[in-house]
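Hi there,

Here is the model I promised to pass on. Please have a look when you get a moment.

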Amino acid sequence: MMKKLSGARIVIEALIQENVKVIFGYPGGAVLPIYDELFKQNKIRHILVRHEQAAVHAAEGYARSTGKVGVVLVTSGPGATNTVTGLTDAMMDSVPVVCISGQVPTHMIGNDAFQEADIVGITRPCTKHNYLVKEISKLAESIHSAFHIAKNGRPGPVLVDIPKDIQTFETKYGGKKHTKSFAFYKPNTKPSLDTIVKFVNLLEKSKKPIFYVGGGVINSGSRASLYLKKLLKITGFPCTQTLMGLGATPTSDDQFIGMLGMHGTYEANLSMNKSDLMICIGARFDDRITGKVSGFSPKSKKVHLDIDASSFNKSVNVDLLIQGDLSKILEMTLKYIENKRISFSKEKISTWWIQINKWRAKNCLNYKNSRSIIKPQYALQRLDFLTNHLDPFITTEVGQHQMWAAQFLTFNKPKHWMTSGGLGTMGYGLPAAMGVQIAHPKDLVIDVAGEASILMNIQEMSTIKQYRLPVKIFILNNHYMGMVRQWQELLHGNRLSESYMDSLPDFVKLAESFGATGLRVSKPGEMDDLIKEMIKIKGPVICDVVVDPKENCFPMIPSGSTHDQMLLGPNDKLEGEISEEGMVLV
Amino acid sequence: MTESHSKHILSIMVDNEPGVLARIVGLFSGRGYNIESLSVSEVDSDRFLSRVTVVTSGTKNIIDQIKAQVRKLIPVHNLIDITELKSFIGKELILMKLDIKQKSVLNIHKHIKNIGAKILFEDKTVIIIEFSGTPNEISGLIKKMKVYNIVELTRSGLVSMALGKDYIRR
């Protein structure tokens with residue numbers, strides 16, 4: 001005989017069945033029964049954050065660095081609405097997260113009760129799916145299907161809203177195995193063989209190919225990365241990666257020609273522009289990648305490999321689309337190549353490589369270093385040089401520092417780079433780093449931050465203190481919202497409206513007040529010592545790296561321009577005015 | 001670019017659960033797609049399935065994107081684009097209340113009979129008629145009835161079905 005359990009207990013039991021080890025949350029009136037059950041068990045660890053947005057970002061960091069589902073627990077009303085930015089972030093970047101929110105009791109719903117918010121209504125467009133559990137009999141099914149939906153197909157966040165009375169009602173729970181119909185969601189993962197044949201055919205014919213690799217490869221799992229590495233080796237084709245895709249295959253590889261897009265390398269963007277075959281793997285032709293769509297890679301045939309059918313032909317029309325799980329698509333492709341004994345002649349693409357290497361020789365990431373002031377690029381180069389052997393997990397906030405980190409750091413493995421790509425959420429990096437550190441307690445976790453972004457979730461220093469998380473916060477402090485200032489310089493006549501960061505805290509003292517170590521550096525000659533010391537310190541560290549306040553991020557494709565209209569440095573002037581069409585773009 | 005816009009009738013089978021219509025409608029409004037007509041009702045009470053008919057318009061790319069996005073919604077079981085099938089029928093229903101105080105009842109009865117509408121209710125002051133037809137037929141009817149004093153009218157969204165063997169799977 002199955003025993004009857006309370007709804008709150010079923011939540012915990014179901015999480016245990018889903019193999020959940022950690023949840024990030026914040027208690028409140030409408031989830032007290034669940035917190036009570038949490039108290040009575042020791043299989044799930046709860047991390048108490050200081051703001052619910054941070055709980056979601058921490059869960060994202062946990063999920064992206066492990067491949068598992070990140071779990072969040074919050075109360076109703078403000079607890080739930082505070083998760084909206086995090087959920088939208090997870091939606092845009094395809095991160096599997098399950099968010100459980102408390103709700104006012106069922107009979108109070110719709111009455112404007114205390115701490116009531118229609119969170120299912122609010123999060124409908126920013127979750128992959130959501131549930132309001134109105135009957136105790138549907139509770140277990142809702143939780144298990146939430147996990148199933150979050151991690152299958154293109155991953156994303158799922159919210160389960162549980163009214164307080166449902167948490168106290170009792171019903172039988174026979175575990176996941178005996179829960180009916182939670183796995184009804186079955187996205188197609190297997191590609192058709194004839195598309196694979198066509199794909200290989202295009203690979204064989206191309207003289208100017210390029211692999212354009214996105215975060216989908218990382219989401220598909222380590223096998224996808226492995227197969228892609230193999231395919232790269234067999235073909236000898238050049239490879240560029242999106243912001244989300246960095247590390248899908250090692251960025252130290254010689255065939256890697258840098259990130260592409262708005263702040264991508266000269267060689268990557270020009271290769272995209274001039275290629276005759278573009279192979280998009282798990283990316284989505286985002287506007288940061290394409291620039292002006294009408295001038296995007298005009299002469300190439302385009303192949304798109306993706307799990308999500310709604311990504312096909314959304315902004316750019318492609319010639320061949322292959323829908324399925326990337327690791328399956330890549331595996332089938334490799335098998336077909338092997339079975340048919342197809343070999344790829346390096347000769348055929350040798351002129352292409354000569355051209356690419358000419359572009360490479362431009363050394364587009366070059367910057368004018370200084371002896372008196374720290375250039376942000378230099379700080380990151382040194383960080384990369386001194387930490388790379390430790391395979392650190394890197395998170396970032398959003399802005400110039402994020403782009404420089406993407407340009408100057410090396411990623412040898414997938415799942416080591418956590419950044420807010422689609423939504424561009426300032427304040428993402430610190431809580432994400434907490435989530436990563438919880439998942440990888442022994443590893444080096446660095447949040448590359450800006451002084452503006454870090455303040456958006458600085459309260460999480462308290463969480464870091466409580467759980468003794470040795471997160472290293474590497475602030476490139478230029479006293480500006482650097483990216484905002486850069487756009488104001490470029491597009492708004494250098495009128496720096498509200499982008500100066502006045503009244504900043506003393507980051508060293510701030511660190512100390514949370515029991516962390518604070519280090520400050522302002523001379524290039526002291527950079528290495530700072531980084532070495534940062535690594536040596538066992539606990540959390542805030543490094544206040546005072547950098548050149550005027551430095552801008554190049555290369556840059558101004559909005560509304562095409563890949564071959566890149567600005568390479570501060571002396572590169574725009575050709576004429578930016579079009580009105582470009583001015584309205586973000 | 002002057003890609004041509006065309007009208008499409010989408011038939012969507014969904015779980016009949018709270019919020020399912022909001023998911024579909026929210027998707028259209030959130031992504032800036034147009035809904036020209038909408039009708040929804042449960043069609044399978046054993047399996048709690050509803051059938052939603054949406055009339056929308058857009059370029060081929062937009063229509064393809066709408067279909068892909070709708071298919072991604074978790075409670076959506078199946079979607080067919082009825083306009084892409086060989087032949088189909090689409091009907092709307094209209095109820096109309098006419099003020100007949102000043103008119104000859106006999107003439108009205110004759111007129112209604114000629115049009116093929118049905119009388120649902122009648123007293124000394126008003127008459128309510130029912131008519132079903134294609135959107136064009138319905139619009140034509142409204143025009144014709146303007147000779148009377150139309151007190152109010154209500155028309156349903158389009159419901160549609162493929163002719164011949166084609167049908168939407170559950």
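Below are some notes on the chains, their sheets and their contacts.

First, the ground rules: this is a predicted model, in which local features need pLDDT of at least 70 and side-chain atom pairs count only at pLDDT 80 or more, while totals for chains, interfaces and linings use all residues. Residues are numbered from 1 along each chain as its sequence is written, and chains are lettered from A and ligands numbered from 1 in the order in which they are written.

**Chain B**

Chain B contains 4 helices and 9 strands (helices are DSSP runs of H or I with at least four residues, strands are runs of E with at least two, and both are numbered from the N terminus). Along the sequence the pattern reads β-α-β-β-α-β-β-α-β-β-α-β-β. Taken along the principal axes, the C-alpha atoms of chain B fill a box of roughly 55 × 45 × 35 Å.

One open sheet in chain B has 4 strands in the order E2-E3-E1-E4, with antiparallel pairing (two strands pair if DSSP finds at least two bridges between them). E2 and strand E4 (76-81) of chain B are at the edges with a single partner strand each, so one side of each has no neighbour in the sheet. From one strand to the next, the twist averages 20 degrees (axes are lines fitted to C-alpha atoms, for helices over the stretch in contact, and angles run from 0 to 180 degrees between N-to-C directions).

Strand E1 (residues 6-15) of chain B is joined to E4(B) by 5 bridges, and the two run antiparallel. Leu10(B) has Asp81(B) as its bridge partner in E4(B). Two helices go with this sheet. H2(B) packs on the sheet and touches E1, E3 and E4 of chain B, with its direction at about 160 degrees to that of E4(B). H1(B) lies across E1, E2 and E3 of chain B and runs at about 150 degrees to E1(B). Contact here means that the C-beta atoms of two residues, placed from the backbone, lie within 7 Å.

Domain 1 of chain B gives 6 residues to the contact and domain 2 of chain B gives 5 residues. On the domain 1 side, strand E2 (37-44) and strand E3 (49-58) of chain B each supply at least two residues, and E2(B) gives the most, with 3 residues.

**Where the chains meet**

The contact between the chains takes 12 residues from chain B and 10 residues from chain A. On the chain B side, helix H1 (20-30) and helix H2 (60-72) of chain B are the elements that give two or more residues. H2(B) has the largest share, 6 residues. By class, the chain B side has 3 nonpolar, 6 polar and 3 charged residues (Ala, Val, Leu, Ile, Met, Phe, Trp, Tyr, Cys and Pro count as nonpolar, Asp, Glu, Lys and Arg as charged, and the others, Gly among them, as polar).

**Chain A**

Chain A is divided into domain 1 (4-178), domain 2 (193-360) and domain 3 (376-546). The centres of domain 2 and domain 3 of chain A, taken over C-alpha atoms, are separated by 31 Å. Each of these two domains gives 13 residues to their contact. The side of domain 2 of chain A that touches domain 3 of chain A has 7 nonpolar, 6 polar and no charged residues.

Chain A also has an open sheet, with 6 strands in the order E3-E2-E4-E5-E7-E6 and parallel pairing. Its edge strands are E3 and strand E6 (129-132) of chain A, each pairing on one side only. Strand E2 (residues 22-25) and strand E3 (residues 45-48) of chain A pair in the parallel sense over 4 bridges, and Val22(A) stands opposite Arg45(A) in E3(A).

Finally, helix H11 (residues 222-235) and helix H14 (residues 326-339) of chain A pack at an angle of about 35 degrees, with their axes 8 Å apart. The residues of this contact divide into 9 nonpolar, 2 polar and 3 charged.

Best wishes

How values were computed
Domain bounds come from an automatic or database domain assignment.
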